[in-house]
Amino acid sequence: MKSVVLLLLAFFSSRVQGERIEKIEQCEARCSQGLPCEANYQLSFERCKNLSGGVSTDVFSNTSISTVMKCEERQKCSLHLRVSTGLQMSKHIRGIYMCIVTAGMIERCRAVSILRSAREKLVNQQVNFQDDCLEVHSGQDVHVTIKTWPHICDVAISRSYRVPDCSNKDIQRSVPECITGKIQYDVDTEKKELSVSVSDMLEDKDYQLRLCHKGFICTGTGVQTVLKKENPVKKVTLKYSRPVPCLCIEGWSIMTDAPRVRVCPFKNRVEELWSGITFDPVEETLSWEAACHVNAVISLCELQGEDMCQDFVNSSHTYMKGKVTYSTVDPHPRLCMKFITEAGLWVKCPFSEGNFPAWDLKVSTQEGHSELLVTSQVKTSLSLSKCTKTVVAECEVTHTTLVEVEKFQTAQLDLSTDLCKSSNCIKAKRADVKYGVTTLYCQPPCSFSASTSTSSESEWQLTHVVVPVVALTTAFLVVAIVTGIAMIVYQIKRITKARSIGRLPRPHTDSFSFMTEALNSKTQLACKSVLFDICSSGTSQFKHCVKSNLLNDSTNLLV
């Protein structure tokens with residue numbers, strides 16, 4: 001079981017790396033059986049020969065074509081085509097004549113022949129020929145023709161062959177035209193920086209790095225740098241603005257026709273493409289332009305619930321490049337832009353946070369009477385419709401009114417419809433735009449129900465709190481007033497009664513008068529300071545005050 005696993009791993013590893021490329025120190029021509037042979041380059045313009053005795057057309061066998069690398073140094077190798085074939089010798093044949101043709105190049109040929117001294121002994125025998133001196137390039141399509149030498153008409157074989165390209169691991173490491181360097185990176189999303197390091201680059205060349213947007217070509221963003229060959233540290237930091245999927249790091253050795261390597265750190269972040277939506281509040285135009293080349297279908301839609309966005313009529317566009325613009329758009333939170341690609345579907349709502357409030361509608365209802373208050377930041381025309389919810393239709397329109405609202409103004413409308421009823425609603429939509437959302441106002445908060453609740457609570461408080469407190473306070477006041485009046489009447493009667501008594505003798509009147517005046521002044525001062533409290537309480541202190549006053553009055557009468 002272990003051996004099977006190892007074989008599978010070796011098989012898949014060879015598939016990933018491509019075929020192994022043999023390395024040679026120098027190219028040469030070889031003949032089998034140790035036969036001496038020679039090779040040289042030939043032109044392909046020689047005409048074929050017709051032999052009267054004829055030669056069999058089936059003289060070639062075991063033909064094979066492969067690629068080898070001739071290396072001077074570790075990173076200085078060239079690719080060569082190795083052609084091998086078996087040939088049935090005859091007295092008219094001295095060897096083979098092989099030619100290759102590639103796109104845009106003239107035919108190149110090599111002749112490999114056996115020396116005359118050895119050729120006479122090989123008639124009717126098979127000799128194997130091999131040559132690996134015809135240079136090719138990675139990824140080339142080569143047409144190979146093998147003929148006899150000299151060329152006998154109608155005696156030849158042809159093969160097509162594709163040279164391994166730069167994806168082959170051996171070629172990547174050894175052939176300069178395929179050595180691009182290996183780019184590794186780390187992303188710092190907070191600082192928007194890419195930390196890039198390069199390895200396996202050409203050792204004798206400086207290295208160019210840049211950021212670009214991949215499309216038909218990779219267009220530079222302006223961020224670039226050069227890694228010097230003398231600097232042992234091949235690491236730099238590149239700043240980026242947006243992590244779009246076509247943003248790539250491109251690198252190449254600074255030389256003519258240098259191959260380039262490209263890695264794209266954000267290739268899976270397709271959703272970043274839809275963030276380029278802009279809105280002009282003055283012209284009321286909604287625009288979007290992709291930062292990368294993308295094939296998509298763009299449309300405007302009205303958001304209806306979390307999972308559904310209904311397209312506006314005639315708003316769909318097939319996008320490949322450029323800018324998509326929609327004119328006269330109402331910036332409503334439920335107006336969105338829909339993007340459909342092969343990778344999926346995305347819906348973006350640029351006004352969802354209410355950052356461009358154009359108009360607003362408020363409904364107030366009191367005791368069955370509804371009133372609309374329309375405010376607008378722009379000059380607009382609103383279509384307001386009364387509608388009634390039915391079983392058949394969502395909301396059946398009964399009456400429509402067109403309302404003109406000036407910029408930064410408010411319009412007030414009276415409604416005969418009681419919106420506190422669950423079946424009555426208001427539909428509102430801007431009539432002066434091409435793309436506008438219809439808003440349905442149903443069952444807004446009714447101030448009538450709230451005021452009813454408040455009135456009930458106030459009535460309860462009035463009945464159970466205010467009335468008893470007022471009644472109790474009034475009773476105390478009445479009692480205090482009646483008591484005060486009674487005391488005053490009683491005092492008047494006592495004074496009158498005292499005056500009706502005859503005058504008495506007045507012994508020691510001076511000392512008695514002096515004591516009486518002192519007593520009266522003190523008594524009156526004490527009575528004035530506590531009159532309200534004492535009189536209202538009806539205590540014995542009040543009686544003392546009365547007695548003092550009576551005594552004063554009597555004294556005055558006696559005097």
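Does Asp-311 count as buried, partly exposed or exposed, and at what relative accessibility? At 37% relative accessibility, Asp-311 counts as partly exposed (buried means under 20% relative accessible area, exposed over 50%, partly exposed in between, with a 1.4 Å probe and protein chains only). The model is predicted, so local features need pLDDT of at least 70 and side-chain atom pairs count only at pLDDT 80 or more, while totals for chains, interfaces and linings use all residues. Residues are numbered from 1 along each chain as its sequence is written, and side-chain values use heavy atoms, leaving out hydrogens and water.Asp-311 meets the side chain of Lys-338 in a salt bridge (2.9 Å, N to O); the term stands for a side-chain nitrogen of Lys or Arg within 4 Å of a carboxyl oxygen of Asp or Glu. Lys-338 lies in strand E24 (residues 335-341) and Asp-311 in strand E21 (residues 309-311), so the pair ties together parts that are 27 residues apart in sequence. Strands here are DSSP runs of E with at least two residues, numbered from the N terminus. Lys-338 is buried, at 12% relative accessible area.

The structure holds 20 salt bridges. In another of them, Lys-239 pairs with Glu-193, with the closest N and O atoms 2.7 Å apart. This pair links distant parts of the chain, strand E15 (residues 235-239) and strand E12 (residues 193-199), 46 residues apart. Lys-239 is partly exposed at 49%, whereas Glu-193 is buried at 19%.

Turning to the strands, E18, E19 and E23 form an open antiparallel sheet in that order, where two strands pair if DSSP finds at least two bridges between them. Strands E18 (277-280) and E23 (323-326) are the edges, each pairing on one side only. Four bridges join E18 to E19 (residues 285-289), and Phe-279 has Leu-286 in E19 as its bridge partner.
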